[in-house]
4 protein chains.
Amino acid sequence: MTFRVGIIGAGMIGQEHAQRLDQRVSGTQVAGIADMNRDRASHVAAVTSGAGVYASGHDLIAAPDIDAVVVTTWGPAHEEYVLAAIATGKPVFCEKPLATTSAACLRIVDAEVAAGRRLVQVGFMRRSDPGYQAMKQDLDDGMIGEPLLAHCAHRNPSVPDSYTSDMPINDTAVHEFDTMRWLLDEDIAAISVLLPRRSRRASSHLDDPQVLLLETASGVLIDVEVNVNCDYGYDIRCELVGETGTLTLANPERVDIRRTGLDSVRVPADWRARFGRAYDIELQEWANSLAAGQAGGASSWDGYEATAICEAGLTALASRERVTVEARQRPSLYGQPLASPAARA
Amino acid sequence: MTFRVGIIGAGMIGQEHAQRLDQRVSGTQVAGIADMNRDRASHVAAVTSGAGVYASGHDLIAAPDIDAVVVTTWGPAHEEYVLAAIATGKPVFCEKPLATTSAACLRIVDAEVAAGRRLVQVGFMRRSDPGYQAMKQDLDDGMIGEPLLAHCAHRNPSVPDSYTSDMPINDTAVHEFDTMRWLLDEDIAAISVLLPRRSRRASSHLDDPQVLLLETASGVLIDVEVNVNCDYGYDIRCELVGETGTLTLANPERVDIRRTGLDSVRVPADWRARFGRAYDIELQEWANSLAAGQAGGASSWDGYEATAICEAGLTALASRERVTVEARQRPSLYGQPLASPAARA
Amino acid sequence: MTFRVGIIGAGMIGQEHAQRLDQRVSGTQVAGIADMNRDRASHVAAVTSGAGVYASGHDLIAAPDIDAVVVTTWGPAHEEYVLAAIATGKPVFCEKPLATTSAACLRIVDAEVAAGRRLVQVGFMRRSDPGYQAMKQDLDDGMIGEPLLAHCAHRNPSVPDSYTSDMPINDTAVHEFDTMRWLLDEDIAAISVLLPRRSRRASSHLDDPQVLLLETASGVLIDVEVNVNCDYGYDIRCELVGETGTLTLANPERVDIRRTGLDSVRVPADWRARFGRAYDIELQEWANSLAAGQAGGASSWDGYEATAICEAGLTALASRERVTVEARQRPSLYGQPLASPAARA
Amino acid sequence: MTFRVGIIGAGMIGQEHAQRLDQRVSGTQVAGIADMNRDRASHVAAVTSGAGVYASGHDLIAAPDIDAVVVTTWGPAHEEYVLAAIATGKPVFCEKPLATTSAACLRIVDAEVAAGRRLVQVGFMRRSDPGYQAMKQDLDDGMIGEPLLAHCAHRNPSVPDSYTSDMPINDTAVHEFDTMRWLLDEDIAAISVLLPRRSRRASSHLDDPQVLLLETASGVLIDVEVNVNCDYGYDIRCELVGETGTLTLANPERVDIRRTGLDSVRVPADWRARFGRAYDIELQEWANSLAAGQAGGASSWDGYEATAICEAGLTALASRERVTVEARQRPSLYGQPLASPAARA
């Protein structure tokens, strides 16, 4: 059976997901597009195998020939469409963030809990990256004993002028927040923000780089360098330090080049080059979950936790103090609380 | 539109391709299976979304609800089914080898030329491997100047007892034969076989390792170590040496592990771990070619050339002399003769 | 000319330096040994080409046939012997730390300033490590622009039970303190200490791992993981993050081993394996400075600064607060204050 | 005791060895220099700590205040000076080749055998390279089982116009000939030469690259790519393939640089950068052998074997046929014949 997917939001990521779902994911086709800008929606529809253009996201969600919904609008509109999809009982894949405030996230969580089954998957695609998945497998297999520390770096070659000082936390490190919760199977308990010497490549309204310090409930200390003007490439790094060894995420390397005095591999140019494969896998997994009738992957609850950490991070950035992350208790729909680390021992 | 694919041959690779085409490739579903062993066919059919079981490969090829054919039987049966598919005008994907003799390959070539369009793709999946593709791109971009030499190794941890001394050439190095023709855009002109000291891990009826020396028309010298009892893993290596630099195929590395005094990455355990992704891409490309109405990828002609090199290789193994590879002239259906190397200069 | 060196302190590092100066360093021979334990001194003397055994360090320093002195006693005795050597006008190489308190270091600085020329070199051997030297050259050549951040790790497989919670700072990270001052050509302005989840491999009286945060005068933020029970090997890591690139210290790798499913290089077992070559170079440089008549390398002032950072670090460990590093003004004998970073721009 | 060394030949390598022996090697000083060009000899003498200039190499060898001799003239003069040193009973270190013909080498061997003790060490410095030494240790420890194959590459960025087609064998691959004999502990039984497509970077009188195939007595097959116009750097590579694993010589890497889209390490610019440390160690070992009264390292016999392989290689280059290497029986002064490989099993 082929599921008919409707996409709300025809910007860059919406276009990419439309192509994925239409041409690379088995079991889905793109049947509808909606966007505030109707021309943009038509443009995307034209590259699919026959998607209709809807007047609004709500029309698309309500349409009987749409089986499932993908939300790729800008963040402030996520809540509205995700809630509408839940109200119709249709599965919905929402790009990160789930919503821009933890209060909005909780409204989604409450609606989903009331619906009684998981309908929402949040687009934290690193959980589908083969590299991170291999790290998680090795950690869970006890290859390095209990984790004690993690060192992360999230580097972009540059950012547009519209990128402001809250975005290293809200837009960039939010991926590390979710990835660390998932890798370590633990919640984040506190966050601090350090501001090193500023790069002269950063705009005047941007503190860059930033170093974030996260602490998990069991005391694992995670440092995250966010450095969005590093110039040389898109570089995502992660080392987990355990009691008996370490695991380091390898960069995808295809060819080793020896020329002009150097032995080199390329650094990916951007997130598409680095994580394109993870997006493919993520949406294939989502397509499989449609067939299974129950959402998997990152849940509304995970979306809520990530947003709560961002909110604490912004407070820490403003105050330059350590801020604890307060979160509501997890509803049973989202499974047991994250395992206590002793479970791995 | 979804193409209904029929698979002839329900052995290991047939089962894998059935899963791919049914669950990971966009635009295809598996609609039929045929195998000498009907139980085996039924078993594979059961894991698809509704494939029928056919009494014979010929019934499957003839069936009106089969749009395209995949041949994954043992090699000696390839010719018969590929010719039958061509006769019905249905596209056919044939696992390597295209046929077990160059004469049989030429019968396929002649039939396809008579049909007037490309219907056959041969399963040389390394052409779809992201690593080899990146090497080819870099070579074609002039990153290392003109190629002069290539060093290859094809290592398996072990082989079953049924693996005999002709198979390093016919079953194993045949991948290098095709890959080198494609990478260098040149035909192979001659082959020699050297027998180094035998591994005590090899069976008594197997000369292992073997070193094959290939020469292209323009004089590029290629050494290929075939070593199918190397014990430590499945290791595929390739370095192209050009006039101003070299390109080396990187092994896929996901995690770097530091423990017990070593800083390590894993070597893939087998060809599935190493080339699984290439198979996915290859069959997606084939699915796309179905929509386009014209086969792409490795052609019948490429299948013929590979088999002709194998035949010369076996003569070289027996005689321990250098043997030239004689090939018929390429029909225009298969494009221009491979570009002379001067074209890149 | 061959300089006759006297060594005070015949423990492990004293024995190693005796062998270096006698058998691997050009221009020196070991002419005398003194140790509280006379047997131990005799034992070391026996493996040199004729060193005499002295009743005390002071006798050795005073002896007319001793041209230069090496102090390798335990730390609390350093001040006494270094001051005595200065008093006789003899060059002295003192293993780190220069002295165990910053007050004692300043007494040495004052004595050397009064003597009017540099007589003291402190054994911060990483300044002589080819890897760190290459990093410094690249940084100074502007390869990565201005430095913004540094990530360091200092990992030991295990430590004896006598190793206590102050020693990660005083004995271990003190190397990073000096190396960072030298690499960045800047003083350290503040230090904080973070205590992550404890390793169960650490003894009950040791907080391990520790993460130290250093800030330089210009704002470069340095994180140092000290992890002395990491189990897997001796691993010294350093990445400098600049405005346009990064520099990472490579581990010395001699052989890549492929076996049993892994592609591995060894991690050094201990500091001897990792830094033995740096010690050789350091003492050869010292021998050359004897001929030149003026000490080079790390100075008494560098020894004082390192001890002052340790003292601030211990305060930070106790208080869990950020502590500024207060230092006296640098005497002109030790050159200009460290260059302001603007100089590199 | 300090040995007074006389150096015959004040060209580039003579100057380098003079500095080493005078300033970096413990236990030697340079006491005399002789060169056809007296100015050149004086120039080198001036940078030592007081070496005298001798009118001829024979005067230097005969001088009572010269304890040991280093021969760094051009190759054709080696025999004369080495024989003269043997005649005086003085230890002599001779740069490679020992002599330019195997007949000349045998005259040296005969003279040394007549003298009754080893006086000659040949400058095959790779035996002192820490990388090759680690490979040998791992091989001898049985880390990869019995060796079956070796893949070598010897690449130079470019060569002067005076470099002719015999020199890839005589000057360049001669290092691999000796290294392989030493690593594998086996003699070379046969050699073939293959000429791939020529690099347009090579001069008109140079066949470059060349591929040499060596076979040991037990059948280990060694391929050696000699490529002296590779443009990108000085690159020495070696992989030993054993029955259960492989060992690969690592390139010395000090700093990993990430900038401008690449993650790179430098390739050494030339043999000085790559093997400077091996030369230091080699001459320190020689200095130690002076004290011990018996030469170690590569012997006259090793020098003879290397030259015999070169002669066979030149015959193979001219004939394009496989040529067996014929060698006289080894005198007992040079130890047992190389161990049969079974010894390692």
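Colleague: Which residue stands opposite D:R155 in β10(D)?

Modeller: D:N227 stands opposite D:R155 there. Keep in mind that this is a predicted model.

Colleague: What makes β7(D) and β10(D) a pair?

Modeller: The cut-off is at least two bridges. Seven bridges join β7(D), residues 147–155, to β10(D), residues 221–227. So the two strands pair, and they run parallel.

Colleague: And how do you know that β7(D) pairs with β11(D)?

Modeller: By the bridge count again. Eight bridges link β7(D) to β11(D), residues 235–242. The threshold is at least two, so these strands pair. They run antiparallel. One of the bridges sets D:C152 against D:C238.

Colleague: Why is β7(D) called mostly covered?

Modeller: A residue is buried if 20 or more other C-beta atoms lie within 10 Å of its own. Nine of the nine residues of β7(D) are buried. Therefore the strand is described as mostly covered.

Colleague: Over to chain A. Why is A:M143 called partly exposed?

Modeller: A:M143 has 18 other C-beta atoms within 10 Å. Buried needs 20 or more, and exposed needs 12 or fewer. The value 18 lies in between, so A:M143 is partly exposed.

Colleague: Where is A:M143 found?

Modeller: In the loop between α6 (130–140) and β7 (147–155) of chain A.

Colleague: What is A:M143 in contact with, leaving aside neighbours within four places in sequence?

Modeller: In chain A, the partners are A:D138, A:G245 and A:L247. In chain B, they are B:I257 and B:R259. Contact here means C-beta atoms within 7 Å. A:G245 is 102 residues from A:M143 in sequence, and their C-alpha atoms are 7.4 Å apart. That 7.4 Å runs C-alpha to C-alpha, whereas the contact cut-off applies to C-beta atoms.

Colleague: How many residues does each domain of chain A bring to their contact?

Modeller: Domain 1 brings 20 residues and domain 2 brings 18. On the domain 1 side, α5 (102–115) and α8 (271–292) each give two or more residues. α5(A) gives the most, six. By type, the domain 1 side divides into 11 nonpolar, four polar and five charged residues.

Colleague: And how many residues do chains C and A put into their contact?

Modeller: 24 residues from chain C and 24 from chain A. β10(C) supplies the largest share of the chain C side, four residues. That side holds 10 nonpolar, seven polar and seven charged residues.

Key
Residues are numbered from 1 along each chain as its sequence is written. Chains are lettered from A and ligands numbered from 1 in the order in which they are written. This is a predicted model: local features need pLDDT of at least 70, side-chain atom pairs count only at pLDDT 80 or more; totals for chains, interfaces and linings use all residues. Two residues are in contact if their C-beta atoms, placed from the backbone, lie within 7 Å. Ala, Val, Leu, Ile, Met, Phe, Trp, Tyr, Cys and Pro count as nonpolar, Asp, Glu, Lys and Arg as charged, and the others, Gly among them, as polar.
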